[in-house]
Amino acid sequence: MFRLQSSKVLAVDMTGDAVKAKNGSMVAYDGQMAFKKLTGGGEGLRGMVTRRLTGEQMTLMEVKGHGTCFFADRASEINLVTLNGDKLYVESSNLLATDGGLRTGTTFTGLRGASQGNGLFTTTIEGHGQAAIMSDGPAVLLRVGPQYPLTVDPGAYVAHQGNLRQSFQSGVTFRTFMGEGGGEAFQIRFEGDGVVYVQPSERNTIAGDV
């Protein structure tokens, strides 16, 4: 069971089951726990090869035992996401932990992976269970509807969920009008029905100055 001990610390209550977490993110535990580094983001040899080819980097460990394990990473804010057979797309650096039964993968998504300079691929999580994602500052959950498309700065994008289509648009941005830097070379546009997680801080991108 995933729960937030605080906005920056994830607590996972375990009764012999396993979770997958970002390598090195364990900060404390009680009870009996065993830790094992996973290959290829928990996807085995094939996943390791795929991630090396695509540049989508993710190092996970498996934690299994009885008790409570606590996870955190660089004082990042944590959000819990529940999956009911659907799929979550997330930047690999923003993934903290998942239920052991959830499947992780790498997928071609056109533009999204470029927000970290990692090519055109990103991490997927699917199945039934919970995932914990991180953001630099409290994440904002923005809903996309059929009549309400959403445009996101690639440096602020964290994850998305639902039946969404993506495209990109280039051109002048708000910061360009304000005379701040060169502006982003593109933004990500989402259409359809779903939610997008964004953070109130921007990572460096290959799209342009931030």
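1. Let me start with D73: at 14% relative accessibility it falls below the 20% limit, so D73 counts as buried. The closest N and O atoms of R74 and D73 are 3.1 Å apart. K22 joins in as well, and K22, D73 and R74 are linked in a network of salt bridges. Please keep in mind throughout that this is a predicted model.

2. Now a step back to the overall fold. The protein has 2 helices and 12 strands. Read from the N terminus, the order is β-β-β-α-β-β-β-β-β-β-β-β-α-β. Of the 210 residues, 46% are buried. The accessible surface comes to about 10100 Å², and carbon and sulfur atoms hold 52% of that area. Among contacts with a separation of 6 or more, 78% are between residues 24 or more positions apart.

3. The largest nonpolar core deserves a look in your viewer. It has 16 residues, and those touching the most other members are L10, V63, F71 and L96. Two or more residues each come from β2 (9-22), β4 (60-71), β6 (95-99) and β8 (121-135). Strand β2 gives the largest share, 5 residues.

4. Beyond its neighbours within four places in sequence, L10 is in contact with F2, R3, C69, F70, F71, I78, L80, L96, A97 and A132. Apart from this core lies another one, of 13 residues, with L83, V90, L102 and V158 among them.

5. Strand β4 is paired with two strands. Strands β2 and β4 run antiparallel and are joined by 11 bridges, and V19 has V63 of β4 as its bridge partner. V63 is also one of the residues named above for touching the most other members of the largest core. Strand β3 (residues 26-37) likewise runs antiparallel to β4, with 11 bridges between them; here K37 stands opposite M61 of β4.

6. The β3 and β4 strands are linked through side chains too. E62 and K36 meet in a salt bridge, 3.8 Å from N to O. This pair brings together distant parts of the chain, with E62 in β4 and K36 in β3, 26 residues apart. How accessible is E62? Its relative accessible area is 24%, so E62 is partly exposed. K36, at 47% relative accessibility, also counts as partly exposed.

7. R3 pairs with D13, and their closest N and O atoms are 2.8 Å apart. R3 belongs to strand β1 (residues 2-6) and D13 to strand β2, 10 residues apart in the chain. R3 has 29% relative accessibility and therefore counts as partly exposed, and D13 is partly exposed with a relative accessible area of 24%. R3 is also on the contact list of L10. In the whole model the count of salt bridges comes to 7.

8. Another paired group involves β11. Strand β5 (residues 77-90) and strand β11 (residues 157-170) run antiparallel and share 3 bridges; Y89 stands opposite H160 of β11. Strand β12 (residues 186-198) pairs with β11 in the antiparallel sense over 13 bridges, and V198 in β12 is the bridge partner of Y157.

9. Finally, the aromatic rings. The count comes to 2 aromatic pairs. Y29 and F35 make a tilted pair, 5.5 Å centre to centre with 55 degrees between the planes. Y29 has 40% relative accessibility and so counts as partly exposed, and F35, at 36%, is partly exposed too. Y157 and F190 form a stacked pair: 5.9 Å centre to centre, 20 degrees between the planes. Are Y157 and F190 buried or exposed? Both are buried.

Technical notes:
Residues are numbered from 1 along each chain as its sequence is written. This is a predicted model: local features need pLDDT of at least 70, side-chain atom pairs count only at pLDDT 80 or more; totals for chains, interfaces and linings use all residues. Side-chain values use heavy atoms; hydrogens and water are left out. Helices (H or I, at least four residues) and strands (E, at least two) are DSSP runs, numbered from the N terminus. Buried means under 20% relative accessible area, exposed over 50%, partly exposed in between (1.4 Å probe, protein chains only). Contact means heavy atoms within 4.5 Å. Accessible areas come from the Shrake-Rupley method with a 1.4 Å probe; for residues, only the protein chains shown count as cover. A nonpolar core is a set of buried Ala, Val, Leu, Ile, Met, Phe, Trp, Tyr and Cys residues joined through side-chain atoms within 4.5 Å. Two strands pair if DSSP finds at least two bridges between them. Rings of Phe, Tyr and Trp (its six-membered ring) pair if their centres lie within 6.5 Å; planes under 30 degrees apart count as stacked, over 60 as edge-to-face and the rest as tilted. A salt bridge is a side-chain nitrogen of Lys or Arg within 4 Å of a carboxyl oxygen of Asp or Glu.
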